Amino acid sequence: MTEQLREHVARQLERSRARSTQLTDAVDEHDLVRQHSKLMSPLVWDLAHIGNQEELWLVRDVGGREPVRQDIDEYYDAFKFSRSKRPELPLLGPKETRQYVGDVRGKVFDVLEKVPLEGRRLVENAFAFGMIVQHEQQHDETMLATHQLRVGDPVLQAPPPPAGNAVLTTEVLVPAGSFEMGTSTEPWALDNERPAHPVHVKAFHIDTAPVTNAEYAEFIAAGGYDREEFWSAEGWMHRLHSKLRAPRFWQREGSGWARTVFGVTEALVPNEPVVHVCFFEAEAYAKWAGKRLPTEAEWEKAARHDPATGRSRRYPWGDEDPTPQHANLGQRHLRPAPVGAYPAGVSPLGVHQLIGDVWEWTASDFHGYPGFEVFPYPEYSKVFFGSDYKVLRGGSFGTDEAAVRSTFRNWDYPIRRQIFAGFRCARDAF
Ligand code: AVJ
Ligand code: FE
């Protein structure tokens with residue numbers, strides 16, 4: 001059992017490192033150290049930060065080993081310097097960074113071989129490894145978003161996602177009742193997903209698929225960006241101030257639209273979920289459509305509740321880990337898949353593509369669940385609780401399966417568009 005766990009952790013560490021290496025080897029040194037957007041760190045910062053967190057948690061804390069490079073800790077502390085300030089820091093260069101993360105990883109494999117993974121130690125130590133795997137994958141998704149912001153010839157390649165299929169209904173009714181939200185048993189669930197607790201949800205309808213490019217283009221054509229009545233007061237202020245006219249990376253092409261995807265400008269794919277919209281745009285679209293965004297509880301009930309058993313599933317399709325047949329995860333494709341592309345991933349209530357493709361904005365602010373306990377450190381989520389952030393659910397094509405579950409909660413400012421975010425709509429049932 002312990003050996004199997006060590007094997008599993010080693011494989012996950014290797015998978016995340018292969019991805020980080022791919023994302024950073026794809027560009028030249030100039031593009032590695034450059035800031036491609038004020039919203040992002042230079043790619044070389046993300047890579048060294050991945051190594052530094054790994055050193056802090058696994059080499060020094062779990063392993064009780066001597067520091068590898070204590071002198072650089074402060075430059076890679078995400079709370080000390082904001083993303084926009086990071087390019088001015090005396091950061092490690094590309095070569096030093098690769099050397100550093102490699103040195104740390106070597107020690108981590110040694111720690112993994114020797115660390116106790118029994119009893120209480122199993123929970124504490126195994127979780128630390130799981131947290132670091134997720135952390136690296138989260139930064140890999142952030143680096144993928146930096147790649148999308150980068151200007152220049154395309155450097156990333158991936159096969160297209162599977163084709164779409166007709167989805168027969170546009171929305172389903174989720175009957176009123178209690179369901180179990182969150183988890184107390186997922187071994188790698190983070191503090192904000194815990195504990196499992198019952199939540200009563202009133203009857204509501206939820207869209208069977210995320211809102212598509214074609215649907216979103218109709219909202220624009222209907223004057224959605226000029227009609228204040230669809231926007232919240234805050235959303236309208238932002239729409240005016242930032243002169244929003246369309247999703248990020250869209251451009252007019254004749255009477256239609258084109259969009260730039262990792263350096264390639266192409267015609268919009270009509271039945272693909274819209275991506276790179278902010279919360280305020282999602283909210284305005286929903287109002288125009290006579291709907292609203294789902295709350296977090298509604299989203300999770302649609303994703304997990306099995307009316308036949310009354311149980312909450314780990315994933316919409318059941319309790320098995322995701323496979324490529326279930327969902328568009330892990331940067332296997334460089335875009336969301338068209339609606340209906342994953343019939344095997346459908347939830348018991350008939351809702352498609354809840355996991356993968358695009359992060360989905362919800363109506364909810366980011367708060368701790370009843371009984372929330374900081375674990376293992378307040379900077380993971382507690383310091384972000386409050387009304388500044390909106391919760392996103394489900395993961396995107398750029399999220400690795402190690403870093404998303406049906407209970408997983410992501411959060412961001414309602415104005416952010418560089419993340420791989422889209423949405424689906426809901427409405428009251430009665
Ligand atoms: C959970 C995606 C909001 O990237 O800011 C990375 C994850 N926390 N390093 C982020 C995270 C610390 C976090 N999100
Ligand atoms: Fe981080």
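1. A polar side-chain atom of His 135 lies 3.1 Å from a nitrogen atom of ligand 1. The model is predicted. For His 139, an N or O atom of the side chain is 3.2 Å from a nitrogen atom of the ligand. Both distances fall under the polar-contact cut-off of 3.5 Å.

2. The residues around ligand 1 are His 135, Gln 138, His 139, Tyr 380, Asn 410 and Trp 411. The domain assignment places domain 1 at 2–149 and domain 2 at 158–430. By these bounds, His 135, Gln 138 and His 139 belong to domain 1, while Tyr 380, Asn 410 and Trp 411 belong to domain 2. The ligand therefore has residues of both domains around it, given that a residue is listed when one of its heavy atoms lies within 4 Å.

3. The centres of the two domains, taken over C-alpha atoms, are 27 Å apart. Contact between them involves 27 residues of domain 1 and 33 residues of domain 2. Together the domains bury about 2500 Å², and carbon and sulfur atoms account for 64% of that area. On the side of domain 1, Phe 127, Gln 134 and Gln 148 lose the most area to domain 2, together 27% of what that side buries.

4. The rule finds 1 salt bridge between domain 1 and domain 2. Arg 15 and Asp 400 form a salt bridge, with 2.7 Å between the closest N and O atoms.

5. Which elements give two or more residues to the side of domain 1 that touches domain 2? They are helix H1 (2–25), helix H3 (43–62) and helix H5 (119–149). H5 gives the most, with 14 residues. By class, the residues of this side divide into 13 nonpolar, 10 polar and 4 charged.

6. Two cis peptide bonds deserve a look. Arg 194 and Pro 195 are joined by a cis peptide bond with omega of about -10°, and Pro 195 sits in the loop between strand E2 (177–181) and strand E3 (197–201). Another cis peptide bond joins Phe 375 and Pro 376, with omega of about -5°. The place of Pro 376 is the loop between strand E8 (359–366) and strand E9 (386–393).

7. A further backbone point concerns Phe 249. Its phi is near 75°, a positive value in a residue other than glycine. Phe 249 is found in the loop between helix H7 (233–241) and strand E5 (250–253).

Technical notes. Residues numbered from 1 in each chain as written. Chains lettered and ligands numbered in written order. Predicted model: local features only at pLDDT ≥ 70, side-chain atom pairs only at ≥ 80, totals over all residues. Heavy atoms only, no water. Domains from an automatic or database assignment. Contact = heavy atoms within 4.5 Å. Buried area = accessible area lost by both parts, 1.4 Å probe. Salt bridge = Lys/Arg side-chain N within 4 Å of Asp/Glu carboxyl O. Helix = DSSP H or I, 4+ residues; strand = E, 2+ residues; numbered from the N terminus. Nonpolar A, V, L, I, M, F, W, Y, C, P; charged D, E, K, R; others polar. Polar contact = N/O pair within 3.5 Å; in protein donor to acceptor, adjacent residues only side chain to side chain.
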